[in-house]
Amino acid sequence: MLLSFQSRELLDRRYPAPPPTRYNHPFSGDTPLPFDDLRQWIAALDRAGELKRIRTEVDPILEIAEITDRVSKSKGGGPALLFQNIKGHPGSQVLINQFGSQARMKMALGVNSFDEFADRIRVFMDLKSPQGFLDKLKMLPLLTEAGKFFPKTVPTGPCKEVIKRDNFSLLDFPILQCWPQDAGRFITLPCVTTRDPKSGKRNLGMYRFQVYDGQTTGAHWQRQKVAAEHYRQALRNAGAAGATTKQGAPLLDGFARSGNDTAVDLMARTSGGQVLSANQPTGRMEVAVAIGTDPAVTFSAIVPAPPDVEEYLIAGFLRAAPVELVKCETVDLEVPATSEIVLEGYVNLDELRAEGPFGDHTGFYSLEDLYPVFHVTCITHRKDPIYATTIVGKPPMEDAYMGKAVERVFLPLMRLTIPELIDINLPIEGIFHNLMIVSIRKSYPGQARKVMSAIWSLGQAMFTKCIIVVDEDVDVQNIPDVTLKVLNHIDPERDIQFTLGPVDSLDHASRLANYGSKMGIDATRKWLTEGFTRPWPDEIVMDAKTKALVDSKWKALAKELGID
C-alpha cells in the first residue's frame, strides 16, 4: 500500500516494522508495501490505535450488527472491530468497520486526502491517452513501471492452507444476520470473480450472497452489474449454440433464427435474465468468491473501473506491486492468494430463487426478488480464517467512507468524457445514487442539460435519481452554500427536467423494478442566449476595507463578546 505522504515518518514511528519490499512507484515515489494481506492490515490498524478487540461473547445473529451500528454512528465513525468470541463459532474472529472512518480509508489508500487519491488515479488513467510523440516518449518510464502492477499467477498461497472438496458447510463460518427482517444470513463483503463468456475477460465485483444452506446461496448481482451481464452473455451463448431445455426441447421451438435473433428473443422472454422463460436454456457459469482480502483488493472490487481496465490492475497500482493470484480447485478462475476464505462454485442458467429482503444502505429493506443460485463446489481457507464483513443501513456507516473515496475516483474518470466538470459531491444522506451535485465550467447555452445527459450515460451513474448542476463558483462540498445558491437561482418550471430510464434495483419507489424517472436541476446562472433577459443581482459581500478594519479589532471584540 502506498505510504508516500507527509505523515509517513509519523506512521513509521507509531508502528515500526521490518524493512518492507520497496518499489519505485512512478506516481508517488519510493513507497513501502505494508499490507500484503488482511492480517498485515489488521496489525497496522492495531498499531495505529484504530482497532478494538472485543472478547465479550457476541451472537452473529443481529447482536454484532447492533454493536457495530452504534460504534459506526459514534464520532468519527468509531474504531475497526475484531470480535474474538463468537457464539456458536469457537475460535472464529469477525472483522468489521475496517474502512469505517476517513482516517482508516485514507490509510488503506495510502493518502492524506481523497483528492490526492483522485490525482493518482488521473495520472494512471492518462497513461492510456498520450496526445503526441513527445508525450508518448515521456510516458515510456511510467508505462514500464505500470507493467509491474499487472496481476501474476503463483502456484499456491495461504488461501490453500485448508482445502475442502466435500464435507464442507458455509454455516461453519460466523456469517451475520444484520437486521430483524433480513431473510437470513448474508455474506456482505465478498470479492466476486466472474469471467465474460464472450471475451474471456475477468471481472472483480462486490455483491451480497444470501446463505440458503451449507452449500448454496443467492447471488445478488443487480441487473446492471458486470456479473449480471456475464450471466446474460452465458444465456445468449447457450441460445446461439442451439441449446435445449431441461426437457430436451429445442430452445427455439423449431424456428430457425440467427444468433442475434436468438439473443433478442431470449432477452425479451427472460427480461434480461430476471425471470425464467418456458424454454429456458441450460448451462452453468462459474463463480469464485474471496472473503478477507487485503484492503487494496477489497476497495478495487467497488471501484467503477473503465471496461478495459481490470480491477486487479487497479489493486496493483494501489499497492505498487502486483496482486498474486492462485487458480481455483474446481473452477477455471483465479482468486487472491492471500484471501482468508475462498468459495468456488457455479450458477445454473435455468435456476432462479427468491433472495431478500435485506436491510440495505438506503435505510430500508430491499425487497425480495429472483436471483441466480450459487452452488458451492469447494471451500479453501487459511488456518483459523478471519471472517471480514460489513453492515449497511441508515447512514453514516462503514460504506459511507468507502463511497466518498469512490466519489473521488469517479471524478477523474468522468472528466475523460465530461471535461467541463469542476467537482462532484454525492452526499452521504443521498446514499450516493439518489443525489449528485455537480459544478461545471459553463461555456455555452444548455450545457448543464448536456452534462446531466452525459452523467446518466456513464456506468453506475445512470442510477442517479437527482442531478443538480451549479456554476464553478459554487463549492459543491459546502451544502449550505449549495442550498442557498440552488434555491435562489432556479425557476422550477424552466430549470427542472425529467427523464425515464434504468434505476437502481434498490429503489423501492420507482414505478417498476429497475425502471423509473430521474430529475435534473439546472441551477447555473441563465444567459441571454438561454432566454433570460432580466438583470442578475450581485451576491452580498462586505467590501475589503471594512473587513480589514474589523479584522484588526476582532481579537479585542471577540474577548468582549465571549467568542473563542
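This section describes the largest nonpolar core, the second largest pocket and helix H15 of a predicted model.

The largest nonpolar core contains 47 residues. Within this core, the residues that touch the most other members are Trp-41, Met-105, Leu-109, Phe-117, Phe-299 and Leu-318. Two or more core residues are given by each of the helices H2 (38-47), H4 (102-109), H5 (114-126), H9 (295-300), H10 (311-319) and H11 (398-415), and by the strands S4 (80-83) and S20 (386-388). Helix H10 provides the largest share, with six residues. In soluble globular proteins, nonpolar side chains tend to be buried together.

The second largest pocket has a volume of about 540 Å³, and 19 residues form its lining. Those nearest the centre of this pocket are Lys-485, Asn-488, His-489, Trp-536 and Pro-537. By residue class, the lining comprises nine charged, eight nonpolar and two polar residues. Helix H13, spanning residues 479-489, gives the most to the lining of this pocket, contributing four residues.

Helix H15 covers residues 544-561 and contains a kink of about 60°, centred on Trp-554.

Note on methods
Residues are numbered from 1 along each chain as its sequence is written. This is a predicted model: local features need pLDDT of at least 70, side-chain atom pairs count only at pLDDT 80 or more; totals for chains, interfaces and linings use all residues. Side-chain values use heavy atoms; hydrogens and water are left out. On a 1 Å grid over the protein atoms alone, a cavity is a set of points where a 1.4 Å probe fits but cannot get out, and a pocket is an open set with protein on both sides within 12 Å along at least five of seven lines; lining residues have an atom within 4 Å of a point. Grid points are joined across faces, edges and corners, and a volume is the space filled by probe spheres set on the points. Ala, Val, Leu, Ile, Met, Phe, Trp, Tyr, Cys and Pro count as nonpolar, Asp, Glu, Lys and Arg as charged, and the others, Gly among them, as polar. The bend at a residue is the angle between axes fitted to the seven residues ending there and the seven starting there. A nonpolar core is a set of buried Ala, Val, Leu, Ile, Met, Phe, Trp, Tyr and Cys residues joined through side-chain atoms within 4.5 Å. Buried means under 20% relative accessible area, exposed over 50%, partly exposed in between (1.4 Å probe, protein chains only).
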